[in-house]
Amino acid sequence: MSAGTDTARVSTPLRSAQPPQLRLLIGGEWVAGDGAPLASVNPAHPEQVVAEGTQAVPADVDRAVRAARAAQGGWARTPIHERGAVLARAAAELEERAEELGLELTQEEGKTLAEGRGEVLRAAQVLRYYAGEGDRAAGEHFASPRRGERILVTRKPLGVVGIVTPFNFPIAIPAWKIAPALVHGNAVVWKPASTVPLLAMRLAEALVEAGLPGGVLNLLIGPGALGTELVRHPELDGLSFTGSTGVGRMLAGEAASRGVPFQGEMGGKNAAIVLADADLDLAAEQVLFGAFRSSGQKCTATSRLVVAEQVADEFLAKLAARLDAWRVGDPSDPTVHMGPLVTADAARSVRGAVAAAEADGARLAYRGQVSHAGVSPSAFVPATVLEVDAESLLWREELFGPVLAVRRAASAEEAFALAEDSEFGLSAALFTRDIATALDAVDALDVGILHVNSESAGADPHVPFGGAKKSGYGPKEQGGAAKEFFTHTTTVYLRG
Ligand code: UN1
């Protein structure tokens, strides 16, 4: 691996103020956990503690679920427009604090400032979308085959739901689970990834400030074992999870054994398909964004590239030229395009997988530089592009890093078949100028999200988000789809 030429280390001074203290939120009270100490650190400057506190212990899961149960009935009886108004006030608070929280997000997770600020605003946008839920259809109305009768399908909250969220979108993913859960009248027990507790606390604070009654949202900061404890709790009525396939399948099994619904948004191994007729400059820009923004740490990231044989060399050269101008370094520097991975351990495992793949025959097409000025290098991985074969683990397994595995295809049909060569089916991106080929792809690609001439990542709050095949489990997220998970129906046969 190229370590880059700029090896000067300028250590960032610790901020003079004490780092924010982490607190759990249980039954409307902000409390210190009884568990082990926890510090979230800046992956670009590991000596900088971003927040610190103590973690929850398993007994807190029971306290939080009971507090949620006690609060849920009253919350469900609150008119949906009032529930929505709380979300709207929290959205305004996030918008007002977007700069400050965006910087905290950058410091805690490692994505760039623009991405951090953008993610806080996105969380606000999601809260605003669900704030308007009271103005949308609340159910369905059917005709009856019998005289004097109508049939209504009404919706009710599940009750107390668990939310388990990953590190990579520390505020947007929680917002798009918690907002529909709350607006539909559920109470929530939330366990965020322990690498990003500060942003979790910031979202919970915004909701509390906005007037959410005590117990309706409970926040447990702590280890992954709390998620297992949560799904096993006899009073839990459902669990929504985003994270790794392995953990998701384990939690899904636990939920199934208890007979409670589970919503899982799991792995992706998303392909960008660049066909011979594509606008290659547009495709190179979008593949760059899809593969390398957020250091490739998105379940929707482009981690596979299928490129038409006739244009493959030209396309890879265009991608390399863009990568040469792609600055990798301190994510709080506004001129930087890509920061570190979330932890040094994550970076080590990505570097190890790349080295193993190269030893196994993967051919390096591009490896970028990391500007080490002012940062600790341990969590950084340069942008890397490798040509691989079908057996390569880089082709098959989700890596969650800035690594793109490439294969060449002789025709559009072969390109679609290569893209389909995965147990995952979250998203795909197709680059073509031909509408007929684009329409063929809609049928040929078994994915939850298909982008035509745009990058594989991204989601809008008003449309379904989630994967096909083994990428997803249960109802989709966002938009009207979220209601499928966070409510259940009562069919009312209504005769006068
Ligand atoms: C996006 O592509 O902007 O964990 C969102 C993830 C996805 C969210 C992706 N659940 O990366």
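Helices (H or I, at least four residues) and strands (E, at least two) are DSSP runs, numbered from the N terminus. This is a predicted model, in which local features need pLDDT of at least 70 and side-chain atom pairs count only at pLDDT 80 or more, while totals for chains, interfaces and linings use all residues. Residues are numbered from 1 along each chain as its sequence is written, and side-chain values use heavy atoms, with hydrogens and water left out.

**Stop 1: a pair of helices**

Select residues 98–109, helix α3, together with residues 113–131, helix α4. Their axes are 7 Å apart and meet at an angle of about 125 degrees; axes here are lines fitted to C-alpha atoms, for helices over the stretch in contact, and angles run from 0 to 180 degrees between N-to-C directions. That makes α3 oblique to α4 (under 35 degrees is roughly parallel, over 145 roughly antiparallel, 65 to 115 roughly perpendicular, and the rest oblique). To see the contact (heavy atoms within 4.5 Å), show side chains including Leu 101, Leu 105 and Thr 106 of α3 and Leu 113, Val 120 and Leu 121 of α4.

**Stop 2: a buried strand**

Next, pick strand β8, residues 187–191. Is it covered or open? Mostly covered: 5 of its 5 residues are buried, where buried means under 20% relative accessible area, exposed over 50%, and partly exposed in between (1.4 Å probe, protein chains only). Ala 187, Val 189 and Lys 191 point one way, Val 188 and Trp 190 the other. In a regular strand the side chains alternate between the two faces of the sheet. Val 164 has Lys 191 of β8 as its bridge partner.

**Stop 3: the open sheet**

Move on to an open sheet of 7 strands with mixed pairing, in the order β14-β15-β16-β13-β12-β18-β19. At the edges you will find β14 (363–367) and β19 (449–452), each pairing on one side only. Direction ignored, neighbouring strands here are turned by 20 degrees against each other on average. Zoom in on β12 (residues 270–274) and β18 (residues 427–431), which pair in the parallel sense over 4 bridges. Ala 272 has Ala 429 of β18 as its bridge partner.

**Stop 4: salt bridges**

How many salt bridges are there? The count comes to 30, taking a salt bridge as a side-chain nitrogen of Lys or Arg within 4 Å of a carboxyl oxygen of Asp or Glu.

- Arg 348 and Asp 345 meet at 2.4 Å, N to O. Both lie in helix α11 (residues 344–359), 3 residues apart, about one turn of the helix. Arg 348 is partly exposed at 48%, whereas Asp 345 is exposed at 51%.
- Glu 387 and Arg 408 meet at 2.8 Å, N to O. Glu 387 is in strand β15 (residues 384–387) and Arg 408 in strand β16 (residues 403–409), so the pair ties together parts 21 residues apart in sequence. Glu 387 is buried at 15%, and Arg 408 is partly exposed at 25%.
- Lys 469 and Glu 420 have their closest N and O atoms 3.6 Å apart. This pair links strand β20 (residues 468–469) with helix α13 (residues 412–420), 49 residues apart. Lys 469 is partly exposed at 31%, and so is Glu 420 at 25%.

To finish, select Glu 309, Asp 313, Glu 387 and Arg 408: salt bridges that share partners join them into one network.

Notes: Pairing = 2+ DSSP bridges.
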